[in-house]
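Hi,

Here is the structure I promised to pass on. Have a look at it first, and then read my notes below.

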Amino acid sequence: MENLHITNGQLAQWLDDMRRDGLRIFAPVAQGGKTDFKFLAEGDTVAEDYVQTAQSAKRIVLPMAEVLFSYRKHGKDIEVANPGTDRFNDTIIWKARPCDARAMRQVAEVFTRDYDDAIFEARRSHTTIVAFSCNTCDDCCFCTSVGGSPGGTEGSDILVTTLTDGGGALVEVLTPKGEGLAAKYLAGAARADGIDKQAHLADVRVLFSADEVRAKLDGAFDSPVWQEQSERCLGCGACAFVCPVCTCFDIQEDAHGARGRRIRCWDSCGFSMFTQHTSGHNPRPTQAARWRQRILHKFSYIPEKLGEAGCTGCGRCSRACPVDMNISEHLKAIAGHE
Amino acid sequence: MSNKNIYLPYLMRIEKITDEAPGVKTFRLAFEDKAEGEAFNFRAGQFAEYSAFGEGECTFCIASPPTRRGYVECTFRRAGRVTTGLAKLEEGDTMGFRGPFGNSFPIEQWQGKNLLFVAGGIALPPMRCVIENALDMREKFKDITIIYGAKSVGDLVYKEKLKEWEARPDVNMVTTVDPGGETPDWKGKVGFTPTVLEQVAPSSDNTVAVVCGPPVMIKFSFPVLEKLGFKDTDIYTTLENRMKCGLGKCGRCNVGKMYVCKDGPVFTKAQLNGLPPEY
Amino acid sequence: MNNLTELANKLLGDGTATKVIGYEEAHGKTRPCFCTEAADTGRLVLDERCTNNIAVYLTKPEIVGGHKVAVTATLPVLRTMVQLAMENQLPDGTTAIVSTESGEGLAVLPTVGDMERVVAGTPLDISGKERELRERLKAMSREERWQFWLGEMSRCIKCYACRAACPLCYCTRCIVDNNCPQWIQPWASPLASMEWQISRVMHMAGRCVACGACKQACPMGIPIHLLTLSLAEDIQNEFGVAPGSVMDHGNVLSTFKPGDKEDFIR
């Protein structure tokens, strides 16, 4: 794979060319006072001046509502229709952050371990991630505390680092998919030579050690810290839904008389109903127990399985939280807890 | 990459419906596609997702034993949306079935041992599978004791099975109902299941205990077993966390480092000791 | 020690309260905080940056159970407390700490009557910006308005932050969590999200105190408060009850009076 050096004009042209070719491009656009990913439509301008999109790009591979199959009743008989996986279109995620791209691997891990989820796999195989390194960050960012980097290449097909001196961009072509895209749109681009990528990246401070957090979490199940930290938590699903790693879902029925569809939709361990039995018994009856689950799952259970935290430090949950349940602040407190 | 849609259920024909107790039914299900039925295998303790089309999916164990082929049975109590939908179905109707999922009872490892089954209420179905599995290979085990309790005589499920097991000379069958739940002609015991377990006092020597029931019954049965000398590694139970996918993906049944749907539902007490009490 | 801390300590000290629900500064903003002893109260702040509606905690048993609560109340919080009291949801003995009208001092409102007097004396004034947005919506044709909201709802992710942040959305089991029958489709899609918002707004009709917590909580920046505001205007026009005012006779849509012209309830 190769590294290219393109001018700002070539970068703009690349996007313009893809749009002109009618590619499905999912990119950050300013909407309603926030910047968030959307499929580019005519007249949309890709956002420039922002640190992080409101949501991650995960809904390209894990949509908010996914039809798993449909059915039709004929008297006592049922006819089930598998929607198949040939209905998906190629999609380019443009300007994902390295933390988003990195999260995709963990999302994929969930849907491919033990049982291959063909719907997910098909969506993923149709997705190409063109990530952009972060030149800036804010107080919610903490990728470097969880093993990431503002210029990390993991999970991206292409990583673009715009050079802060205005001298164009470094394009790292990382996968065969990325090569395909580069061959088509960046043919003739100059080979990158002697670019110090690091100099153009945001300075994301290390706030805590994920290993230390993990060590502290062992045996912290009964700690009063959960009650203390979760007291102001309102129990909404904003943190989980904007998270690039969270994948918990619900399966629901869309019934219309004799016809219907079974649908997979997002769910969150922060909702009180998530674990509640029909009998009313709830294994996690308090917000403190649910907050504990969120933290333990991401920083103890997932690391045990994957060797890395179930969090890429994108900071979206902290930005989205209506009551400032700032995750890095809480993790810092846990790491420093006696 | 497999093209199989893991959320797609088998279509099953309801062959027979048995009313077990108020609100409790047993369905005998046959695979609509005979080839699928013949290829289908499972182990005692595994569970499945049962679909009422139009309502959704619901999780329960496979109640019939793997040694009786050609059909599967499930027993459920009408409680929420899906079980209410299932309860409305009639013989000959079609429903969905996804499974088998989860681990199972290590019944092969129990050969040569005494077996003690302690069940409460609607938790006899998960136990029935392993009981019948054991009875179908009776000679492999030593004494078999079954202690089954329910709130009232009316709430006892599998009344025919209970009679059958009671009649067997090679099964020590003890049936009990909670105080106040007895009828004038009730011949079994009266008392809460853990209390009756203490009275029956089965020997823990070379014995495996399987306990299934409501959380409160399990909570009070464990100390009795401990008193009787059972080791935590010889006490088995099944967890019934809420589930949706059954595939270890939806996250709902995650308890500690385990997914009940994948690493369970069968756990030894020793394993439970290492899990957070979130079940 | 500032006046607020001093006052909170006094209330905790003399047994008026065992928990103070207030605001603390963090990350350049303010957020809710809880104080149960004098050592906690130094962080309390109460100023115009305090925009969370902390009355939301008053209906959470996990927070108020076993406590006598004092709330450092901004005006929207106070309006909510009056409304909660009217709906029999304000825990007994809840005290409000408010800034005095001059903005310099603090006052303790020990009874609901005291809170009502302050609220009645300070009619709700919907900001010019909100008024303008509402007017812009009103000027649209029905079809334009529907398209506007469908567009907004297409960004809804159904995280229910609006529900969680609303102090008057306190049902222990929300209509969306009910599946027998399934009133509202549980996934996010423009129509399913619209269904949810319409239900939410209808439940708020005549009760919403126009605090804006729903809008502030929305991580997608959807102006959902315009829905409740519009409905509040309808209620005002139809029933003469202004949002956030002190109501003598219960919520207009859930209170029947013998003189009402509708007779369906008889």
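At what angle do helix H5 (residues 210-217) and helix H10 (residues 327-335) of chain A pack, and how far apart are their axes? Before I get to that, please keep in mind that this is a predicted model, and everything below is computed from it.

The angle comes out at about 65°, and the axes of H5(A) and H10(A) are 8 Å apart. The crossing is left-handed. On the H5(A) side the residues involved are Glu212(A), Val213(A), Lys216(A) and Leu217(A), and they meet Leu331(A), Ile334(A) and Ala335(A) of H10(A). Sorted by class, that contact has five nonpolar residues, two charged ones and no polar ones.

Now the sheets of chain A. One is an open sheet of eight strands with mixed pairing, and its order is E3-E2-E6-E7-E8-E9-E1-E10. Its edges are strand E3 (34-39) and strand E10 (190-191), each of which pairs on one side only.

Helix H2 (residues 98-112) of chain A lies across E3, strand E6 (91-96), strand E7 (127-132) and strand E8 (158-162), and it runs at about 145° to E7(A).

Chain A also has an open sheet of four strands, in the order E5-E4-E12-E11, where the pairing is antiparallel. Strand E5 (77-81) and strand E11 (249-256) are the edge strands here, each pairing on one side only. From one strand to the next, the twist averages 25°. Within this sheet, strand E4 (residues 65-74) and strand E12 (residues 259-266) pair in the antiparallel sense over seven bridges. Ala65(A) has Cys265(A) as its bridge partner in E12(A).

Next, the interface between chains A and B. Contacts involve 53 residues of chain A and 49 residues of chain B. The two chains bury about 4,200 Å² between them, with 52% of that on carbon and sulfur atoms.

One of the salt bridges is formed by Lys257(B) and Asp218(A), whose closest N and O atoms are 3.7 Å apart. Why does this pair join two chains? Lys257(B) is in the loop between strand E13 (254-255) and strand E14 (258-259) of chain B, whereas Asp218(A) is in the loop between H5 and helix H6 (225-230) of chain A, so the link runs from one chain to the other.

Last, some backbone details to check in your viewer. As background, most peptide bonds are trans, and most residues other than glycine have a negative phi. These are the spots I noted:

- The peptide bond from Gly99(B) to Pro100(B) is cis, with omega near -5°. Pro100(B) belongs to strand E6 (residues 94-101) of chain B.
- Cys180(C) and Pro181(C) are also joined by a cis peptide bond, with omega about 0°. Pro181(C) is in the loop between helix H7 (161-165) and helix H8 (190-204) of chain C.
- Lys95(A) has a positive phi, near 70°, and is not a glycine. This lysine, Lys95(A), is part of strand E6 of chain A, one of the strands that H2(A) lies across.

That's what I have for now.

Cheers

Definitions and conventions
Residues are numbered from 1 along each chain as its sequence is written. Chains are lettered from A and ligands numbered from 1 in the order in which they are written. This is a predicted model: local features need pLDDT of at least 70, side-chain atom pairs count only at pLDDT 80 or more; totals for chains, interfaces and linings use all residues. Side-chain values use heavy atoms; hydrogens and water are left out. Two strands pair if DSSP finds at least two bridges between them. Contact means heavy atoms within 4.5 Å. Axes are lines fitted to C-alpha atoms, for helices over the stretch in contact, and angles run from 0 to 180 degrees between N-to-C directions. A crossing is left-handed if the near helix is turned anticlockwise from the far one by less than a right angle, and right-handed if clockwise. Ala, Val, Leu, Ile, Met, Phe, Trp, Tyr, Cys and Pro count as nonpolar, Asp, Glu, Lys and Arg as charged, and the others, Gly among them, as polar. Buried area is the accessible area (1.4 Å probe) that two parts lose on being put together, summed over both. A salt bridge is a side-chain nitrogen of Lys or Arg within 4 Å of a carboxyl oxygen of Asp or Glu.
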